[in-house]
Amino acid sequence: MGNRLSKIYTRTGDDGSTGLADGNRIAKNAQRVEAMGTADELNCHIGLLIETLEASDPLGDVFRRIQHHLFDLGGEFAIPGSKVIGDEHIQWLEQTLDAHNEHLPPLKNFVLPGGNAQAAQCHLARAVCRRAERIVVALGHEDSINSASRHYLNRLSDLLFVIARVLARRGGRQEILWDQKKSGL
């Protein structure tokens with residue numbers, strides 16, 4: 001980090017623009033800023049999820065690593081043309097996902113968010129991750145992006161789904177399965 005912020009407010013954004021890490025200024029509602037902000041929002045949801053875990057829970061290390069990846073991802077969006085997220089990040093997600101999924105029973109129905117507070121929080125993070133992915137896809141239609149960042153978000157949402165299933169089953173509890181019969185009036 002080159003410059004340390006000693007003053008938090010600068011008033012430069014009062015006109016509805018924000019500065020990118022490369023020095024350029026863009027509108028605060030630009031897709032690139034949406035991508036940065038949603039990566040940050042997702043990171044906050046992951047942080048909240050970490051705080052629900054016991055200090056010794058190995059998922060804490062998984063989520064902390066994801067938080068660092070998400071911070072890097074936001075930085076990548078802040079510097080157009082940069083590439084921080086790569087195939088090794090995606091491979092790590094896939095390996096982590098496979099390790100957690102192998103102990104789960106196959107799905108025969110849709111899963112509703114819930115089961116317990118941790119699982120619900122993980123599902124919320126998954127939903128924000130899917131939104132981040134949609135924003136990154138939109139950004140890719142208007143500007144050049146690192147395709148690995150889009151792939152990363154896709155795999156991360158899959159991992160969050162699997163971990164939500166793991167969390168819902170902890171302590172002998174169960175996932176909440178969608179039941180079409182309960183949809184009727």
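Which element gives the most to the lining of the second largest pocket? In this predicted model, α1 gives the most, with 5 residues. The elements that each give two or more residues to this lining are α1 (31-52) and α2 (58-78). The second largest pocket holds about 310 Å³ of space. Its lining comprises 10 residues. Nearest the centre of the pocket lie M36, D40, F71, G74 and G75. By class, the lining has 5 nonpolar residues, 4 polar and 1 charged.

Helix packing was examined next. Two packed helices are described by the angle between their axes and the distance between the axes. Helix α5 spans residues 147-168.

The axes of α1 and α5 lie 14 Å apart. The angle between the two helices is about 20°. Angles under 35 degrees count as roughly parallel, so α1 is roughly parallel to α5. The crossing of this pair is left-handed. On the α1 side, the contact is made by L42, I46 and L49. On the α5 side, these residues meet L153, L156, L160 and L167. The contact of α1 with α5 has 7 nonpolar residues, no polar and no charged.

Helix α2 also packs on α5. Here the angle is about 155° and the axes are 12 Å apart. Angles over 145 degrees count as roughly antiparallel, so α2 is roughly antiparallel to α5. The crossing of α2 and α5 is left-handed. From α2, the contact takes in L59, V62, F63, I66, H69, L70, L73, E76 and F77. Their partners in α5 are S149, Y152, L153, L156, L159, L160, I163 and L167. This contact divides into 14 nonpolar residues, 2 polar and 1 charged.

Helix α3 covers residues 87-101. Its axis runs 9 Å from that of α5, at an angle of about 15°. That angle makes α3 roughly parallel to α5. Helix α3 passes α5 in a left-handed crossing. The α3 residues in contact are H89, I90, L93, E94, T96, L97, H100 and N101. Those of α5 are A148, H151, Y152, R155, L156, D158, L159, V162, R165 and V166. By class, the contact of α3 with α5 has 9 nonpolar, 5 polar and 4 charged residues.

Residue L156 of α5 takes part in the contact with α1, in that with α2 and in that with α3. Residue Y152 of α5 meets α2 and also belongs to the contact with α3.

Note on methods
Residues numbered from 1 in each chain as written. Predicted model: local features only at pLDDT ≥ 70, side-chain atom pairs only at ≥ 80, totals over all residues. Heavy atoms only, no water. Axes fitted to C-alpha atoms, helices over the stretch in contact; angles between N-to-C directions. Helix = DSSP H or I, 4+ residues; strand = E, 2+ residues; numbered from the N terminus. Parallel < 35°, antiparallel > 145°, perpendicular 65-115°, else oblique. Left-handed = near helix turned anticlockwise from the far one by under 90°. Contact = heavy atoms within 4.5 Å. Nonpolar A, V, L, I, M, F, W, Y, C, P; charged D, E, K, R; others polar. 1 Å grid on protein atoms, 1.4 Å probe; cavity = no way out; pocket = protein on both sides within 12 Å on 5 of 7 lines; lining within 4 Å. Points joined across faces, edges and corners; volume = space filled by probe spheres on them.
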